[in-house]
Amino acid sequence: MRLHILGLGPIGTLVAHHIRLSLPREHKITLIHKSKRLASRERFNGGLIRIENNGIVTSSTGYDSEVFDEEELAKRGTKSKRELLGYTLNMPEEPRKPVEPLQQIESLIITTKAQSTLPAITRLLPRLSADSTIVLLQNGLGVYERLIQHVFRNPETRPQFILASNTHGAWLKNYSQVVHTGIGDIEFGIIPDPRNRDFEASLKDERVPARNRRLEINDITHPSDLYFHRYRSLRLTVAALSAAEALSSKWRPIREVQVAMRQKLVVNAVINPLTALMGCRNGDIFTRNGSGRIAKTICTEASAAYACELQSLTHSMLKSFGDMDNQGQVPIGRLSPALQADALEKECLRVAKLTKGNISSMLTDIRQGRRTEIDYINGYLLRLGAAHRLSMPGNLMLRNLIAMRSSIPLDQML
């Protein structure tokens with residue numbers, strides 16, 4: 001198979017490196033570079049990715065490359081819609097050749113900023129099909145929902161989706177060179193199949209004691225399956241992610257992954273805007289009581305929104321079963337302990353300590369004059385609160401302050 005990786009920041013590069021080390025060479029990995037300049041820099045470095053951890057550097061090679069650069073293509077005078085999606089990079093540098101048709105994408109791992117995902121997927125749309133698999137490994141929530149609302153409206157032609165939550169800490173020392181500062185894990189789960197195949201069937205197998213039940217890759221598909229071609233890329237993508245043992249990458253039931261993603265969202269809703277506003281590293285924000293009070297407010301608001309969401313989902317389920325008359329007698333699903341306000345506060349403190357030397361991605365975006373992910377972090381919580389008529393002044397304040405900070409050029413600061 002061939003994996004494409006879009007978003008070669010610290011996490012995308014880290015993931016590419018460890019998947020490359022864990023997969024046999026017959027499985028190809030294509031790195032999609034943002035521009036020809038960045039792709040040329042990788043070629044200058046010998047096509048190597050270098051990862052530094054505790055002063056020890058490991059490297060990997062054997063990547064193919066594509067350039068994802070509309071501006072460069074426009075300069076070349078190309079007008080084909082297919083060419084505007086990118087072109088294959090010839091390595092090493094050779095006299096310019098006609099652009100070759102690009103391959104269909106079997107598996108696409110996306111680690112770009114949340115706000116960049118929809119336009120990027122739109123540009124890659126001609127290369128994606130119902131047989132493709134897309135992995136969303138990003139900060140924030142709401143990207144998948146926007147994709148199915150605006151891009152993949154038809155479930156029959158929609159690719160399979162994997163949602164992933166990452167707790168590794170890393171920063172980009174140079175292009176293709178990452179410092180792995182915080183060892184965490186990656187949990188991923190498969191969005192339920194629009195065609196009703198149960199990817200978690202083994203967890204419901206009553207012939208096996210509950211404590212011994214495990215997710216089984218053959219529940220996705222197997223070679224004798226009549227529809228093997230449709231689910232082949234999903235099976236191989238799950239296998240590739242699971243093989244990256246150095247990242248502690250594990251396939252989990254989708255409900256567990258969604259809890260992990262919601263927990264991480266709240267951590268980001270506290271740490272990212274506070275570090276961006278204060279201009280400090282992650283470990284510096286909880287040195288005063290004021291930041292603790294802000295964190296408590298954000299966590300309390302988020303937990304209340306999650307509880308309302310769970311209650312709404314339970315009522316919707318009862319309604320679909322036609323049992324609304326008895327809804328008052330049916331216990332509402334219990335909010336995960338990990339999403340209770342106190343647990344969220346503790347997680348914020350734990351992550352800030354674990355990544356104390358890191359500069360948050362939001363602070364980096366502010367310093368470089370880039371759009372932040374605030375609309376997919378605190379903004380997501382605000383939309384969730386609004387859907388359940390909850391007031392969320394803490395999240396609103398942080399979102400507005402980041403909007404203000406983003407609109408004031410740093411060189412105008414006194």
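Me: What should I know about the model and the numbering?
Reply: The model is predicted, so local features need pLDDT of at least 70 and side-chain atom pairs count only at pLDDT 80 or more, while totals for chains, interfaces and linings use all residues. Residues are numbered from 1 along each chain as its sequence is written, and side-chain values use heavy atoms, with hydrogens and water left out.

Me: How many residues are in the largest nonpolar core, and which have the most contacts inside it?
Reply: That core has 60 residues, and Ile121, Leu136 and Tyr306 have the most contacts inside it. A nonpolar core here is a set of buried Ala, Val, Leu, Ile, Met, Phe, Trp, Tyr and Cys residues joined through side-chain atoms within 4.5 Å. Buried means under 20% relative accessible area, exposed over 50%, and partly exposed in between, with a 1.4 Å probe and protein chains only.

Me: Which helix gives the most to this core?
Reply: Helix α7, residues 254–278, with 11 residues. Helices are DSSP runs of H or I with at least four residues, strands are runs of E with at least two, and both are numbered from the N terminus.

Me: And where does another core turn up?
Reply: Apart from the largest core lies another of 38 residues, with Ile5, Leu8, Leu14 and Ala16 among them.

Me: Back to Leu136. What does it touch?
Reply: Leaving out residues up to four places away in sequence, Leu136 touches Ile110, Thr117, Val143, Tyr144, Leu147, Phe161, Ile162, Leu163 and Ala164. Contact means heavy atoms within 4.5 Å.

Me: Why does Gln115 count as buried?
Reply: Because its relative accessibility is 11%.

Me: What does the Gln115 side chain reach?
Reply: The backbone oxygen of Arg371, at 2.9 Å. Gln115 also touches Thr372, Glu373 and Tyr376, not counting residues up to four places away in sequence.

Me: New topic. How many disulfides?
Reply: A search of the whole structure finds 0. A disulfide would be a pair of cysteine sulfur atoms within 2.5 Å.

Me: Is β1 covered or open?
Reply: Mostly covered, since 5 of its 5 residues are buried. Arg2, His4 and Leu6 point one way, and Leu3 and Ile5 the other way.

Me: What does β1 pair with?
Reply: Strand β2, residues 28–33, in the parallel sense over 5 bridges. Leu6 stands opposite Ile32 there. Two strands pair if DSSP finds at least two bridges between them.

Me: What is the strand order in the open sheet?
Reply: The order is β4-β3-β11-β10, 4 strands with mixed pairing. Its edge strands are β4 (56–60) and β10 (169–174), each pairing on one side only.

Me: How many bridges join β3 to β4?
Reply: There are 5 bridges between β3, residues 49–53, and β4, which run antiparallel. Arg50 has Ser59 in β4 as its bridge partner.

How values were computed: A polar contact is a pair of N or O atoms within 3.5 Å; within protein, one must be able to donate a hydrogen and the other to accept it, and residues adjacent in sequence count only if both atoms are side-chain atoms.
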